[in-house]
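Please examine the sequence and the structure shown below. A set of questions and answers then follows.

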Amino acid sequence: MPTYETLPRFTADLDRLSPEQRRRFRQAVAAFVEDLRTGSFRAGLRVKRVQRAPGVYELTWSMGTGPAGRATWEYGPACRPGTPHIIWRRIGTHDILAGP
């Protein structure tokens with residue numbers, strides 16, 4: 001199981017999401033964690049690097065009606081050898097990419 005931490009900005013963004021948007025994010029994270037274990041991300045999560053932000057990635061998922069949900073993250077130093085450590089940076093819509 002990977003370890004993780006959240007930046008204060010991520011926590012503030014998360015608090016602004018509706019309960020349904022948070023539920024959809026948790027579903028995406030379950031798939032994300034599975035993929036971290038295998039070392040290959042499924043196409044449906046649309047994991048890719050954020051342009052002009054070295055080391056920062058985005059994860060995209062459906063939030064139902066309206067714009068897709070996005071979360072930015074980066075790998076941090078491993079807390080346990082051989083286990084990925086994720087630092088969640090931002091969450092919301094495409095707008096978060098202005099300050100990932």
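The questions below concern the sheet, the helices, the aromatic rings, a pocket and some single residues.

This is a predicted model, in which local features need pLDDT of at least 70, side-chain atom pairs count only at pLDDT 80 or more, and totals for chains, interfaces and linings use all residues. Residues are numbered from 1 along each chain as its sequence is written, and side-chain values use heavy atoms, with hydrogens and water left out.

Q: What is the order of the strands in the open sheet of 5 strands?
A: Helices (H or I, at least four residues) and strands (E, at least two) are DSSP runs numbered from the N terminus, and two strands pair if DSSP finds at least two bridges between them. Strand E1 (3-6) and strand E2 (48-49) each pair on one side only, as the edge strands. The pairing in the sheet is mixed, and the order is E1-E5-E4-E3-E2.

Q: Which residue in E5 stands opposite glutamate 5?
A: Strands E1 and E5 (residues 85-92) run parallel and are joined by 4 bridges. Opposite glutamate 5, E5 places isoleucine 87.

Q: What angle does the direction of helix H1 make with that of E5?
A: Helix H1 (residues 8-16) packs on the sheet and touches E1 and E5, contact meaning heavy atoms within 4.5 Å. Axes are lines fitted to C-alpha atoms, for helices over the stretch in contact, and angles run from 0 to 180 degrees between N-to-C directions. For H1 and E5 the angle is about 45°.

Q: Which strands does helix H2 lie across?
A: Helix H2 comprises residues 19-38 and runs at about 150° to E5. The strands that H2 lies across are E3 (56-61), E4 (69-76) and E5.

Q: How many residues of E4 are buried?
A: Buried means under 20% relative accessible area, exposed over 50%, and partly exposed in between (1.4 Å probe, protein chains only). Strand E4 is largely enclosed by the rest of the structure, because the buried residues number 7 of the 8.

Q: Why is the pair of phenylalanine 32 and tryptophan 73 edge-to-face?
A: Rings of Phe, Tyr and Trp (its six-membered ring) pair if their centres lie within 6.5 Å; planes under 30 degrees apart count as stacked, over 60 as edge-to-face and the rest as tilted. The structure holds 11 aromatic pairs. In this one the ring centres are 5.0 Å apart, and the pair is edge-to-face because the planes stand at 70°.

Q: How many residues apart in sequence are the parts tied together by phenylalanine 32 and tryptophan 73?
A: Phenylalanine 32 is buried, with a relative accessible area of 1%, and tryptophan 73 is buried at 0%. Phenylalanine 32 lies in helix H2 and tryptophan 73 in strand E4, so the parts that the pair ties together are apart in sequence by 41 residues.

Q: Is tyrosine 75 buried or partly exposed?
A: The rings of tyrosine 75 and tryptophan 73 form an edge-to-face pair, with centres 5.0 Å apart and planes at 85°. Both residues belong to a cluster linked by ring pairs, which also includes Phe10, Phe25 and Trp88. At 41% relative accessibility, tyrosine 75 counts as partly exposed.

Q: Which element supplies the largest share of the lining of the largest pocket?
A: A pocket is defined on a 1 Å grid over the protein atoms alone, as an open set of points where a 1.4 Å probe fits, with protein on both sides within 12 Å along at least five of seven lines; lining residues have an atom within 4 Å of a point. The largest pocket is lined by 13 residues, of which Tyr4, Phe25, Val29, Val33 and Trp88 lie nearest its centre. E1, H2 and E5 each supply at least two residues of this lining. The largest share, 5 residues, comes from H2.

Q: Which residues does aspartate 35 touch, not counting residues up to four places away in sequence?
A: Aspartate 35 is found in helix H2 and counts as buried at 5% relative accessibility. The residues that aspartate 35 touches, with that exclusion, are Ser40, Phe41, Arg42 and Leu45.
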